[in-house]
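This briefing concerns selected local features of one protein chain. The sequence and structure are shown first, and the points follow by topic.

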Amino acid sequence: MVGPASGVRIAGASVSGDESVLTSDALAFVAMLQHKFNSTRLSRIGDRATRRAHLAEVPVGSPIDFPTDTASVREAEWLVANAPADLNDRRVEITGPVDRKMMINALNSGAKVFMADLEDSCSPTWQNIVDGQRNLMEAVRGTLSLDVGGKAYRLNHQRATLVVRPRGWHMEERHILIDGKPASASLVDFGLYFFHNARELMARGSGPYFYLPKMESHHEARLWNDVFVAAQEALNIPQGTIRATVLIETLPAAFEMEEILYELRAHAAGLNAGRWDYLFSFIKTFRGRADKVLPDRAQLTMTVPFMRAYSERLVQVCHKRGAHAIGGMAAFIPSRKDPEVNSRALAKVREDKERESSAGFDGTWVAHPDLVPVAREVFDAVLGDRPNQKDRKREDVHTSADQLIDATVPGGVVTAEGVRMNVEVAILYIEAWLRGSGAVAIHNLMEDAATAEISRTQLWQWIRHGAEIDGGGEMTREYYLKVRTAELARLEVLPDAGSRLSEAAALLDTLVEGNFEEFLTVPGARLLD
């Protein structure tokens, strides 16, 4: 059992309801995890630069391959643990932040799974983190409710299986100090949720299920597995009760898919093709190479060669090892005002989901409840009464390491509109994020931190390499500043202009013009309450 919370200090202001979340026993549990695993976490974070440099610095034309020191894992016969009953059919998953209205609507949406997100779609204000944990506790117990604007929101009897995404290993929670230092945000998010809800979930026929973000190696997966083992042991919960789906959303992780599943095999539920963060990671890894400069974000679909290679390898690896393969996000937000926009967008959503289901994915992500029926219809047509299609081994797929790093985008160009759109999306998203909103609808698309990361990283890369702008000359710092100045002026006079646009533009300037930042959320978090 866990002892009293020693060495723990709450540095955040009091938040309504925090007494149910920040209990002495729960904080002691988090502190135990921090004491056991934080030094290893810091070491794993330190390893990332070396691993990415190895990929980025391979000379042009030189061969690259999968890690030789883990070849025995890839060649051995092994499977992950069988999926629990309520996590075996995952044909449609809806994702979103942990605010009450979103959670109720998502849990009631008809999706099989709801990923409650404490990461990329959650601005990590202290209020949001504490409220999110309280909302999760009530969701688990079926008591989550909201009365607002004359409407009453209540949970249905039948609802989606709840899966929680904690923040990545790189993030810290500065509002909880352990031995005088900020706690790991991953361990805070995981620890509070697990401590308060694991037994309640088990009593209701479910379990503590997680999505794990931003990992770059099997060593980081091993760390999560060690955390799971220690957490279950501390609360006297059977080993293997926790189940985790890993987002393959970094380029280094794409080279270690099997190894990541192997490290987590007693707790593994599957892999997810986190397409937006994967693009961000690709750009970040190769930001110093002129031969890897990518075109406009809008042109980087799942059909371009390196994205297709990554997604098909993911399906093959998952089914080889008995794990679920979950497809990427449909980020379209339906509009009640423009049927024509809806019609075109829904056709694209359907096409995307048909591609995923035919490629062998067992399920997919959507960002809005109105997209659940579209995605479900597509996957129902392929799966029928089967819960998944793990029997499709995709033995026809032979993905080489070179295919994963091939930056060829047929017909791809950098355009003036692409530059402007990156500036606009980055400013609007960062501004909303600074005000505490981590999921933001922009031009009928749900934007989160990952898409903002793509926008600012592309701007940085295009300037560094003087990218040719189709019909507009060369991308320079001066060109960026001209576009940013014009966009900020345009946005500031809109009727619904946000209150922190100038701060957002200043942060974007730092990210685009300064030394490269690994994640915008790290310097951004210093500006949050």
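Lys214 is placed in the loop between strand S9 (209-212) and helix H7 (218-234). The model is predicted.

**Residues with positive phi**

- Most residues other than glycine have a negative phi.
- Lys214, which is not a glycine, has a positive phi near 65°.
- Lys214 counts as buried because its relative accessibility is 4%, and the cut-off for buried is under 20%.
- Arg394 is likewise not a glycine and has a positive phi of about 50°.
- The loop between helix H13 (372-383) and helix H14 (401-404) holds Arg394.
- With a relative accessibility of 10%, Arg394 also counts as buried.

**The largest pocket**

- The volume of the largest pocket is about 1,200 Å³.
- The pocket is lined by 33 residues, and those closest to its centre are Trp276, Ala298, Thr301, Lys348 and Leu445.
- At least two lining residues come from each of helix H10 (275-285), strand S12 (324-330), helix H12 (339-359), helix H15 (416-434) and strand S16 (445-447).
- Helix H12 makes the greatest contribution to this lining, with eight residues.
- The lining of the largest pocket comprises 17 nonpolar, six polar and 10 charged residues.

**Cavities**

- Rolling a probe the size of a water molecule over the atoms shows where empty space is left.
- The count comes to two cavities of 30 Å³ or more.
- The largest cavity has a volume of about 130 Å³.
- Of the 17 residues lining the largest cavity, Glu119, Asp120, His170, Met171 and Thr521 are the closest to its centre.
- Helix H10 and helix H16 (449-464) each supply at least two residues of the lining of the largest cavity.
- By class, the lining of the largest cavity has eight nonpolar, three polar and six charged residues.
- The second largest cavity holds about 40 Å³ of space.
- Lys214 is one of the residues lining the second largest cavity, and the others are Glu216, Glu249, Thr250, Asp277, Phe280, Ser281, Lys284 and Phe519.
- Five charged, two nonpolar and two polar residues make up the lining of the second largest cavity.

**Aromatic pairs**

- The whole structure contains 18 aromatic pairs.
- In one of them, the ring centres of Phe190 and Phe228 lie 5.6 Å apart with the planes at 45°, so the pair is tilted.
- This pair joins distant parts of the chain, with Phe190 in helix H6 (residues 185-203) and Phe228 in helix H7, 38 residues apart.
- Phe190 counts as buried at 0% relative accessibility, and Phe228 counts as buried at 0% as well.
- Phe282 and Phe286 form an edge-to-face pair, with 5.1 Å from centre to centre and 65° between the planes.
- At 0% relative accessibility, Phe282 counts as buried, and at 0% Phe286 is also buried.
- A cluster linked by ring pairs consists of Phe29, Trp169, Phe190, Tyr193, Phe194, Phe195, Phe210, Trp224 and Phe228.

- Ser184 belongs to strand S8 (residues 181-184).
- Ser184 counts as buried because its relative accessibility is 0%.
- A polar atom of the Ser184 side chain lies 3.3 Å from the backbone nitrogen of Ser186.
- Leaving aside residues up to four places away in sequence, Ser184 touches Gln34, Asn38, Arg41, Trp169, Met171 and Glu173.
- Trp169, one of these contacts of Ser184, also belongs to the aromatic cluster.

Key:
Residues numbered from 1 in each chain as written. Predicted model: local features only at pLDDT ≥ 70, side-chain atom pairs only at ≥ 80, totals over all residues. Heavy atoms only, no water. Helix = DSSP H or I, 4+ residues; strand = E, 2+ residues; numbered from the N terminus. Buried < 20%, exposed > 50% of the residue type's maximum accessible area, 1.4 Å probe, protein only. Polar contact = N/O pair within 3.5 Å; in protein donor to acceptor, adjacent residues only side chain to side chain. Contact = heavy atoms within 4.5 Å. 1 Å grid on protein atoms, 1.4 Å probe; cavity = no way out; pocket = protein on both sides within 12 Å on 5 of 7 lines; lining within 4 Å. Points joined across faces, edges and corners; volume = space filled by probe spheres on them. Nonpolar A, V, L, I, M, F, W, Y, C, P; charged D, E, K, R; others polar. Phe/Tyr/Trp six-rings, centres within 6.5 Å; stacked < 30°, edge-to-face > 60°.
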